[in-house]
Amino acid sequence: MDNLSLALTFSLVLVAIAISRQERLGLEKELLIGSFRAVVQLTTIGFVLTYVFDAASPWLTTLLLVLMVYNATAVAAKRGQGIAGVRMISYVAMAAGLAVTLSVLVAFGTVQYQPSQVIPISGMIVGNAMVALGIAFGRLKDGFRQRRDEVEAKLCLGAPPLEAARSLVQDSVRAAMLPTVDSMKTVGIVQLPGMMTGLILAGASPLLAIKYQIMVSFMLAGAVAIAAFIACFAAYRRFFTAFDQLLDPHE
């Protein structure tokens, strides 16, 4: 793909802008800003990755993964605004999901701890975990707001906070995992995911691309489950006082 061909694909964004203008959606400015940011950000990360790949330093690779998780934390925490310590919870949950998943992949020889392999895979793991935590936090807050009487009734009957809120936590973890589960059910039938498509476009054998995509599906299921589990079971306690009383939602 040459630069001219790439530039001409911007016409598709112009179509989206035209639709937004025609239907008065008010997204014209956001589409232009988003397009500009995408070009700048991707070009910048392209140069950064070129340097990191050439350096092939495990320390530099690890530093980039730490920064990747840190940046994703801010996005995930937005859905959890109002939950005390949500940024730290998000960071720990995503870091744990990434660490466990990468450790398993490296230990089994599926990937090597090299920047060209670890960084793209980590990007997928962190990105999916970030979305999952956003869903989990939103569901958890809605649950405590809508089912407050249920939780208080359980507390009055002597249930500890975990037992009183267990169904809410379970619903939040389930909601966070459902998109990944649905994706696994439809992969190869409804959609050809990014890694598989990219490998095929790069000239790789479809069978080889399928093997990598199966690995991606499995690793995302594990990473999202770990991150959502840790986040929800850490966050639910922030809805209670030190005396196991339900916090006032207006405080």
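Contact here means heavy atoms within 4.5 Å. The notes below use that criterion throughout.

1. Basis. This is a predicted model, in which local features need pLDDT of at least 70, side-chain atom pairs count only at pLDDT 80 or more, and totals for chains, interfaces and linings use all residues. Residues are numbered from 1 along each chain as its sequence is written, and side-chain values use heavy atoms, with hydrogens and water left out.

2. Overall make-up. The protein has 10 helices and zero strands; helices (H or I, at least four residues) and strands (E, at least two) are DSSP runs, numbered from the N terminus. The C-alpha trace spans about 70 × 55 × 35 Å along its principal axes. Of contacts between residues at least 6 apart in sequence, 69% join residues at least 24 apart. Buried residues account for 31% of the 251 residues, where buried means under 20% relative accessible area, exposed over 50%, and partly exposed in between (1.4 Å probe, protein chains only).

3. Helices α5 and α6. The axes of α5 (residues 86-107) and α6 (residues 115-146) come within 10 Å and cross at roughly 140°. That makes α5 oblique to α6. Axes are lines fitted to C-alpha atoms, for helices over the stretch in contact, and angles run from 0 to 180 degrees between N-to-C directions; under 35 degrees counts as roughly parallel, over 145 as roughly antiparallel, 65 to 115 as roughly perpendicular, and the rest as oblique. The crossing is right-handed, meaning that the near helix is turned clockwise from the far one by less than a right angle, with anticlockwise being left-handed. Residues making the contact include Ala 93, Met 94 and Thr 101 of α5 and Ile 125, Val 126 and Leu 133 of α6. By class, the contact has 15 nonpolar, three polar and no charged residues; Ala, Val, Leu, Ile, Met, Phe, Trp, Tyr, Cys and Pro count as nonpolar, Asp, Glu, Lys and Arg as charged, and the others, Gly among them, as polar.

4. Helices α6 and α10. These axes come within 8 Å and cross at roughly 40°, and the two helices are therefore oblique to each other. α6 passes α10 in a right-handed crossing. Among the residues in contact are Ile 121, Ala 129 and Phe 137 of α6 and Met 219, Ala 223 and Ala 227 of α10. The contact divides into 20 nonpolar, one polar and no charged residues.

5. Nonpolar core. A nonpolar core is a set of buried Ala, Val, Leu, Ile, Met, Phe, Trp, Tyr and Cys residues joined through side-chain atoms within 4.5 Å. The largest one has 51 residues, and Met 94, Ile 121, Leu 133, Phe 137, Phe 144, Val 151 and Phe 240 touch the most other members. Helices each supplying at least two residues include α4 (58-78), α7 (148-156) and α8 (161-186). α6 gives the most, with 12 residues. Beyond four places in sequence, Met 94 touches residues including Val 69, Ala 72, Val 126 and Ala 227.

6. Thr 101. This residue lies in α5 and counts as buried because its relative accessibility is 8%. Apart from residues up to four places away in sequence, Thr 101 touches Ile 125, Met 219, Gly 222 and Ala 223.

7. Asp 244. This residue sits in the segment after α10 and, at 34% relative accessibility, counts as partly exposed. Asp 244 and Pro 161 are 83 residues apart in sequence but 6.2 Å apart in space, C-alpha to C-alpha. Leaving aside neighbours within four places in sequence, Asp 244 contacts Leu 155, Pro 161 and Arg 237.
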